Amino acid sequence: MIADPNILILNSVSDRQREFILAAAPQARITTCTVAEAPEKIRESDILLAWGFQNIQPFYANAKKLRWIHALTAGVEFLLFPEVQDSPVILSNSKGIHGIPMAEHVLGLMISFTRCLPLFHKQQSEHIWKRPPAEELQEINGKTLAIVGLGSIGHEIAKKCKAMDMRVIAAKREMTQEPFVDRLYRPEQLLEMLSEADFVVVTLPLTDATNGLFGRDQFNAMKSSAYFINVSRGSVVQENELITALQSKQIAGAGLDVVFEEPLPAASPLWDMPNVIITPHMSAISPVYLDRALQLFAKNLALYINEQPLFNLIDKAKGY
């Protein structure tokens, strides 16, 4: 039994949030610090909690006692480097806590497109009272949503979209029973699936296999009336091909919470496209995000202390 671990968190936490952890491990010693302070603080740490976008590699050599790294995010790109991959240190993430805000964000983007909300916002700023043609005011009811990456986030999106009477299809490596999905496609059937969709939502992890997955062939397979929504990672998309597809009206529009280079450069043509909605990589943000992340970690910590198998473990070779 590992009853009194030294836990280092690269983020401030409230006293209430500390209690989530102490309820699982009353003898745990919890230290919080910034990345700048981490090289010294990590020396005595058994467990490290960090965000997946924090670069811990420069001071990882100081972590002589480290046994476990837990990501406060689902993505772990910056926590996976050779020294971690080749070590016995286990790595876990916070998969499962992002679904509610991200599904609501995706629904918001879809409804914004179908109900022309960006146009109305622009007209309001210009004091214009004008209705668009009726055929431009669509409904998501009855539309087909294709989810590429049916993990915990994809499942929540499917659930909410079925409640909106949408047809939901999804790509998945394993053919399983999915209560909110009308049809599953294998990865090799991606182009066929894309051709049926009115909305394509990407919720994939960034791995060697998914890097640059969406390019010319994928956008050409989509309907000219379809919308592309990416809430995963910008590098999953070949951005120049997306821009070409939007400029040529190969697809109707795009909702982008993530882009290849963040912040999106001021010179990017995406900023000025009327058929694009850009949000600054915030679809998972919620006032209760850190609460959920620490509560999930505390459940895993209780297992860890009792030397039981953990959940949300990352395959360090695969990257997810």
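Trainee: How do helix 4 and helix 6 lie to each other?

Mentor: Helix 4 and helix 6 are oblique to each other, because their axes pack at an angle of about 50 degrees. Angles under 35 degrees count as roughly parallel, over 145 as roughly antiparallel, 65 to 115 as roughly perpendicular and the rest as oblique. The axes are 8 Å apart. Before we go on, this is a predicted model, where local features need pLDDT of at least 70, side-chain atom pairs count only at pLDDT 80 or more, and totals for chains, interfaces and linings use all residues. Residues are numbered from 1 along each chain as its sequence is written, and side-chain values use heavy atoms, with hydrogens and water left out.

Trainee: Okay, and what counts as a helix or an axis here?

Mentor: Helices (H or I, at least four residues) and strands (E, at least two) are DSSP runs, numbered from the N terminus. Axes are lines fitted to C-alpha atoms, for helices over the stretch in contact, and angles run from 0 to 180 degrees between N-to-C directions. Helix 4 covers residues 99-114 and helix 6 covers residues 152-163.

Trainee: Which residues of helix 4 meet helix 6?

Mentor: On the helix 4 side they are Gly 99, Ile 100, Met 102, Ala 103, Glu 104, Val 106, Leu 107 and Met 110. They meet Ile 153, Glu 156, Ile 157, Lys 160 and Cys 161 in helix 6 (contact means heavy atoms within 4.5 Å). By class, that contact has nine nonpolar, one polar and three charged residues. Ala, Val, Leu, Ile, Met, Phe, Trp, Tyr, Cys and Pro count as nonpolar, Asp, Glu, Lys and Arg as charged, and the others, Gly among them, as polar.

Trainee: And what about helix 1 with helix 10, at what angle do they cross?

Mentor: Roughly 15 degrees, with the axes coming within 8 Å. That makes helix 1 roughly parallel to helix 10. Residues of helix 1 including Phe 20 and Ile 21 meet residues of helix 10, among them Leu 294 and Phe 297. The residues of this contact divide into 10 nonpolar, two polar and two charged.

Trainee: New topic! How many salt bridges are there?

Mentor: A search of the whole structure finds 14. A salt bridge is a side-chain nitrogen of Lys or Arg within 4 Å of a carboxyl oxygen of Asp or Glu. One of them joins Lys 65 and Glu 44, at 2.5 Å from N to O.

Trainee: Where do those two residues sit?

Mentor: Lys 65 lies in the loop between strand 3 (47-50) and strand 4 (68-71), and Glu 44 in the loop between helix 2 (38-41) and strand 3, so the pair ties together parts that are 21 residues apart in sequence. Lys 65 is partly exposed at 43% relative accessibility, and Glu 44 is partly exposed at 45%. Buried means under 20% relative accessible area, exposed over 50%, partly exposed in between (1.4 Å probe, protein chains only).

Trainee: What does Glu 77 pair with?

Mentor: Its partner is Arg 233, in a salt bridge of 2.6 Å from N to O. This pair links distant parts of the chain, 156 residues apart. Glu 77 is partly exposed at 30%, and Arg 233 is partly exposed at 23%.

Trainee: Which residues are linked in a network of salt bridges?

Mentor: Arg 167, Arg 183, Glu 192 and Glu 196. Within that group, the closest N and O atoms of Arg 183 and Glu 192 are 3.6 Å apart.

Trainee: Can we look at the backbone too? Which peptide bond is cis?

Mentor: The bond from Glu 262 to Pro 263 is cis, with omega near 0 degrees. Pro 263 is in the loop between strand 11 and strand 12. Most residues other than glycine have a negative phi, and most peptide bonds are trans.

Trainee: Is Cys 116 buried or exposed?

Mentor: Cys 116 is buried, with a relative accessible area of 12%. Its phi is positive, about 60 degrees, although it is not a glycine. Glu 307 also has a positive phi, of about 55 degrees, but Glu 307 is exposed at 56%.

Trainee: Last one: what do the buried residues of helix 9 pack against?

Mentor: They pack against helix 8 (216-221), strand 10 (227-230), strand 11 (253-256) and strand 12 (276-278). Among the buried residues of helix 9 are Leu 242, Ile 243 and Leu 246. Helix 9 is followed by Lys 249, whose phi is positive, near 60 degrees.
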